[in-house]
Amino acid sequence: MVGIVGYGAHLPRHRIKVEEIAKVWGADAPSYKKGLMLREKSVPTPDCDTITLSVEATKNALRRAGGINTAEIGAIYIGSESHPYAVKPSGVTVAEAIGATPEIHTADFEFACKAGSEAMFVCLSLVKAGEVKYGLAIGGDTSQGAPGDALEYSAAAGAAAFIMGTDNLIAESVDTFSYMTDTPDFWRREHEFYPQHAGRFTGEPAYFKHTIGAAEGLMRKAGMKPEDFSYAVFHQPNGKFPMRVGKMLGFTKEQMEPGWLSPTLGNTYSGASPIGLTSTLDIAKPGDMILMVSYGSGSGSDGFVWKVTDRIDEVRDKAVRTRKLLDENLTYVDYGTYAKFRRKIKKNA
Amino acid sequence: MRDVAVVGVGMTRFGELWEKSLRDLYVEAALSAIENSGVDRIDSMIIGCMTSGLFVGQEHLGSIMADYLGIKHLPASRVESACASGGLAFRHAFIEVASGMSDIVMAGGVEKMTDISGDGATYALATAADQEYEVFHGATFPGLYALIAVAHMEKYGTTRDMLAAVAVKNHDNGSMNPNAQYPFKITMDMVKSSVMVADPLRILDCSPITDGAAAVILTTVDIAKKLGKAYIKVTGSGHATDAIALHSRDDLTTIAAATAAADKALKMAGKTIKDIDFAEVHDCFTIAEIAVTESVGIFEPGKGGEAVLKGETALDGSFPINTSGGLKSKGHPVGATGVAQIVEVYKQLTGSAENGRQLKNNPKVGMAQNMGGSGGSSLVHILEVA
Amino acid sequence: MFSARDWREYPRRYRLEAGKCKKCGKVLFPARLVCPECGAREFETEILLETGKVLTYTVIRVAPSQFTDQAPYAIAIAELTNGVKLMAQLVDCDVDDIKVGMEVRIEFRRVQTDDHHGILSYGYKFVPKWY
């Protein structure tokens, strides 16, 4: 048996509302809010980046893992599309911060928004193969959205961490399934600051095709139907897509709501479905089955079936719940502050 | 130990002295001190300078200043204790004469702070604090003293007005000092409405960036008598350090290094604080003056601010502090300050303070308190009329 | 920031490693070679606790060049739950809301960024303890 031994998320405190962004670009806020099913998004302060969010998410995961020896973590993988360095891995800093060096394997992963779920997949595999005792998988981002572009309303920041192992599981990994093709829906060339996307092409041939492909393939492989799941978590680039894909697959709103954070969080990219999973685990009961399907542009989806164990009741409140981080103690900023925080303002070198 | 005297003093004007280089400044002050003392030679020279290396890229000050003073093969050294470098130079000169090693020693201090950008100056000054555990996190000098101010206000109820009163009083005195950088009066309102630097300290709570030099000649009392010029006796010298980082100290509201240095100096002089008639105190920030007057026992802990408001530290008060205008009005060329304090004490004790700032009640014993960083080091000297 | 200097500081900046004097029990951050309390020379590693109370603070409005974009920012000296005092920035709160005695926790943050091409310096900052 392999699965999650500890989980945790971390979100920044600042938010910006859709109206604030729309005002600056002369856009119609109500129609953006309706079309994206999005009201506001998280904003990282300049001292937050993928590494800092990952460290804090990991600390929460360690709290729930209940006193494991960090030196026994054999692998740390961080998936992000906003690693602070183009060359120098984020993983080693997290490893150093939690005292897991030097006997460890780390690597940074990228695959647009599914880099976090890949880290999860690889960690589960290493644990299953007996290569490592614990594997730490993190999905986190502080992604940029180009000014005035539709993605500016949703590009947000956050991270989730999962410690995979074989003992004292909180949730067992029952099955996995991945579905990838070469689909150029969203990309960023080297040295470019902002990403590009192909407009409506990012919908049906990209997000929906791969999410559905992975979800249906996974359920077929596991011999399960939507009704067999208590909860479903999908990649959430905005509020609308996950709800639509869930419905298309046969899931209900109630199954998706606990893991549906994008309306007030925005799109945390590599953190999106992983953070959705942490939020679902926070309220899940022993025996619950959870479906999680990520999506990363380029494109591909990783699907997971999780079975919650008895241990969830003991550990869920050993660290702060994701919804609390999402909803409480928030500071709203105006566009100028947001642009300054996100380094969108040209300055003298 | 022999009896030591200060027999001549000199200083440049303090200010933004664009035309004068580091060596120009030092030589000017040094020549003035030599002339005023009547000596025809000096045996050795100790120069206090915080960081000519960072400000103008020049180290090896002993060599360059002896060279430019035209004294061949003069033993000359440079000592450093951040903003207490001048006081430290004075102490080492005192020790050299008192011990019998030399008969006539110059103690000088100099800093050339305006050749570098504002950022460069901030960086250089910050080397007096703890680089790894204070400066790395964004602490600045005003920031460190602001931390002391907040703690002091929290513990004793010290007010914003009390801090402003220090600046106003020092400018009142400085307006009569021909060498002061800012020889004009200011008002409480001006202080309280000046731009905030680090809450609660505003720009007029802070001493400025200054160029300047000061020098004094120390010799034995016997030689001083023979020279025939006005001299004063150095009867006490105390030196102490304390943890460099604010957070390592037990009490954030007092300067333990100043207390320890003052205790040692007073003991050497055979005096108590009650015997001191006036003092030059290191007011790098208004809160510093208040905290030091309490730390050395001039006022009870927590009562320093009230005393300033009541006028007790004014020229005509019960214990005049900083008759020179202090660092605030006179200026603070870091390495020169400690020596400039001695210059002022000398003037007051020899009845030669200019323009009406001479204390009228025939002061007999003066104190000079110099300190480095946020109180990581302090030098206290007691001087008396001949 | 300088590579070797940053790297040498990881135990303190990343993991809050302090030194506990084996003789008198005093906890020192950073760890030292000589105990200032009792003069002893033997220490064991102790990790600082992550919560504490503000002893004093200020708001830096005129900042050094590496920090100008952050101004105004607060710095504080806090006493952690095991009696150790240290200084750090206090972030994620309105500077007007800071009070002496406020409870804080430590978070891992970027402390300095060396323009466009230098290394990134990570370390600890205080945030208000709201959970």
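User: Which side chains meet in a salt bridge at 2.9 Å, N to O?

Analyst: Start with the general idea. Side chains of opposite charge can pair when their charged atoms come close. Now the case here, in a predicted model. The side chains of A:Lys23 and A:Glu20 form that salt bridge, with 2.9 Å from N to O.

User: Where do A:Lys23 and A:Glu20 lie?

Analyst: Both sit in helix α1 of chain A, residues 18-25. They are three residues apart, about one turn of the helix.

User: Is A:Lys23 buried or exposed? And what about A:Glu20, buried or exposed?

Analyst: Read the relative accessibility against the cut-offs: under 20% is buried, over 50% is exposed. A:Lys23 has 59%, so this residue counts as exposed. A:Glu20 has 19%, so this residue counts as buried.

User: How many salt bridges does the whole structure hold?

Analyst: A search over all chains finds 46.

User: Which residue of chain B pairs with C:Arg5?

Analyst: C:Arg5 forms a salt bridge with B:Glu132. Their closest N and O atoms are 2.7 Å apart. C:Arg5 lies in helix α1 of chain C, residues 3-8, and B:Glu132 in the loop between α5 (118-126) and α6 (141-156) of chain B, so this pair joins two chains.

User: How accessible are C:Arg5 and B:Glu132?

Analyst: C:Arg5 counts as partly exposed, at 21% relative accessibility. B:Glu132 counts as buried, at 15%.

User: What is the N to O distance between C:Arg13 and C:Asp6?

Analyst: It is 2.6 Å, and the two side chains meet in a salt bridge. C:Arg13 is buried, with a relative accessible area of 4%. C:Asp6 is buried too, at 3%.

User: Which residues are linked in a network of salt bridges?

Analyst: The network links A:Asp47, C:Asp92, C:Glu107, C:Arg109 and C:Lys125. Take one pair from it. A:Asp47 forms a salt bridge with C:Arg109, and their closest N and O atoms are 3.0 Å apart.

User: Now the interface of chain C and chain A. What area is buried there?

Analyst: General idea again. The size of an interface is often given as the accessible area lost when the parts come together. For chain C and chain A, that area is about 2,200 Å². Carbon and sulfur atoms give 53% of it. On the side of chain C, C:Phe108, C:Arg110 and C:Trp130 lose the most area to chain A. Together they make up 30% of what that side buries.

User: How many residues are in contact between chain C and chain A?

Analyst: 20 residues of chain C are in contact with 29 residues of chain A. Seven salt bridges are counted between the two chains. Twelve residue pairs are in polar contact across the interface.

User: Which strands of chain C each supply at least two residues to the side that touches chain A?

Analyst: β7 (103-113) and β8 (120-128) of chain C do. β7(C) gives the most, with five residues. By class, this side of chain C has eleven nonpolar, one polar and eight charged residues.

User: Turn to chain B. What domains does the assignment give?

Analyst: Domain 1 of chain B covers 4-117 + 210-232, and domain 2 covers 125-206 + 236-385. Over C-alpha atoms, 22 Å separate their centres.

User: What do domain 1 and domain 2 of chain B bury between them?

Analyst: They bury about 3,100 Å², 73% of it on carbon and sulfur atoms. B:Phe14, B:Cys83 and B:Ile232 supply 23% of the area that domain 1 buries against domain 2, more than any other three residues. In contacts, 43 residues of domain 1 of chain B touch 36 residues of domain 2 of chain B.

User: How many salt bridges are counted between these domains of chain B?

Analyst: The count is zero. Polar contacts are present: eleven residue pairs across the domain interface.

User: Which element gives the most to the side of domain 1 of chain B that touches domain 2 of chain B?

Analyst: α4(B) does, with seven residues. By class, that side of domain 1 has 25 nonpolar, 13 polar and five charged residues.

Conventions:
Residues numbered from 1 in each chain as written. Chains lettered and ligands numbered in written order. Predicted model: local features only at pLDDT ≥ 70, side-chain atom pairs only at ≥ 80, totals over all residues. Heavy atoms only, no water. Domains from an automatic or database assignment. Contact = heavy atoms within 4.5 Å. Buried area = accessible area lost by both parts, 1.4 Å probe. Salt bridge = Lys/Arg side-chain N within 4 Å of Asp/Glu carboxyl O. Polar contact = N/O pair within 3.5 Å; in protein donor to acceptor, adjacent residues only side chain to side chain. Helix = DSSP H or I, 4+ residues; strand = E, 2+ residues; numbered from the N terminus. Nonpolar A, V, L, I, M, F, W, Y, C, P; charged D, E, K, R; others polar. Buried < 20%, exposed > 50% of the residue type's maximum accessible area, 1.4 Å probe, protein only.
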